[in-house]
Amino acid sequence: MTEASMPTNIALIKYMGKKDSVLNIPDNSSFSYTLDNLRTTVKLTPIDDARDHWDSAEDKTRFIKHLDFLRNKFNQKQYFAIQSSNNFPSGCGLASSASSFAALTECFINTMHSTVSTAEKAALSRQGSGSSCRSFYKPFALWSGEKVENVELPYKKFIHHVIVVSSDKKLISSSQAHAQVKTSLLYSDRKIRAEKRLTELLNSFRQQDWQKSYEIIWQEFQDMLALFETAEKPFSYLKLSSYFVLDALRDYWETHHDGPLVTMDAGPNVHVLFREDQASMANMLSQAFRERFTVI
């Protein structure tokens with residue numbers, strides 16, 4: 001039996017829409033922070049059978065398909081009993097596919113006891129889930145086209161929490177969202193906006209301008225939400241509680257002129273990122289939100 005654990009990540013500059021849906025090549029560059037506290041563990045046990053066995057009732061067609069892709073890529077014939085588990089809710093917009101496909105890729109390669117570069121692992125994992133390629137780099141990853149790389153910044157570690165307002169399975173998958181946003185009238189200039197924010201965010205991080213970084217990241221996820229709402233068939237992942245949390249965080253910033261970075265993924269839950277010197281603030285805000293929500 002071989003085991004591997006990999007983290008998920010949260011995009012601070014989102015990729016929305018795919019240039020190539022088969023190879024999972026994004027329309028625009030994205031920039032993420034790797035979430036070591038949110039992980040998927042995959043275990044592969046060799047079996048004497050002509051197909052893989054999955055230990056879950058969940059539909060894992062993409063998962064098995066990716067394992068077949070890896071097997072063919074390395075000309076392997078071995079099949080496996082597969083076990084997979086997250087330490088966080090899956091299917092509710094916390095990027096469980098990123099950590100799952102990264103862990104599956106890492107685990108499969110480990111079964112071969114061969115040396116494969118990080119760049120190659122990321123490229124292979126991207127075939128199953130685009131955003132999973134960023135999980136092979138930390139603390140920050142920049143993904144553009146087929147290339148993903150580390151970015152060195154003054155901030156080496158954030159304190160990260162997710163305010164989970166709902167762990168219900170989302171009705172529209174991330175893949176569906178990537179297709180549907182292209183029908184929005186706002187989409188034609190999306191790449192220009194995203195690339196401009198990427199440049200601005202990297203500059204603000206390098207200058208350690210925390211408030212400017214907060215403002216850019218807030219604008220970026222609001223841009224994503226606007227694409228959802230203005231698609232030909234509008235959709236949204238937000239709950240009333242999502243608005244409550246966002247309003248509370250914005251009010252905190254306006255009152256204290258400081259606070260966490262705030263962002264969302266394709267789901268109703270809110271990510272907050274604090275500087276290490278904001279530990280007491282992180283603890284206080286997390287405790288306040290725990291009165292109504294789960295905070296992980």
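**Exercise 1.** Which residues of α7 are buried? Work out how they sit around the helix.

*Solution.* First, the ground rules. This is a predicted model, where local features need pLDDT of at least 70, side-chain atom pairs count only at pLDDT 80 or more, and totals for chains, interfaces and linings use all residues. Numbering runs from 1 along each chain as its sequence is written, and side-chain values use heavy atoms, with hydrogens and water left out.

Step 1: find the helix. Helices are DSSP runs of H or I with at least four residues, strands are E runs of at least two, and both are numbered from the N terminus. Helix α7 covers residues 240–256.

Step 2: pick out the buried ones (under 20% relative accessible area; exposed is over 50%, partly exposed in between; 1.4 Å probe, protein chains only). You get Ser242, Val245, Leu246, Leu249, Tyr252 and Trp253.

Step 3: check the geometry. These residues sit on the same side of α7 because they cover an arc of only 120 degrees around the axis, taken from the directions from the helix axis to the C-beta atoms. Over on the other side of α7, Leu240, Glu254 and Thr255 are exposed.

Step 4: look at the cover. It includes β9 (159–164), α6, β10 (261–264), β11 (270–274) and α8 (279–289).

Technical notes. Expected span 1.5 Å × (residues − 1). Contact = heavy atoms within 4.5 Å.
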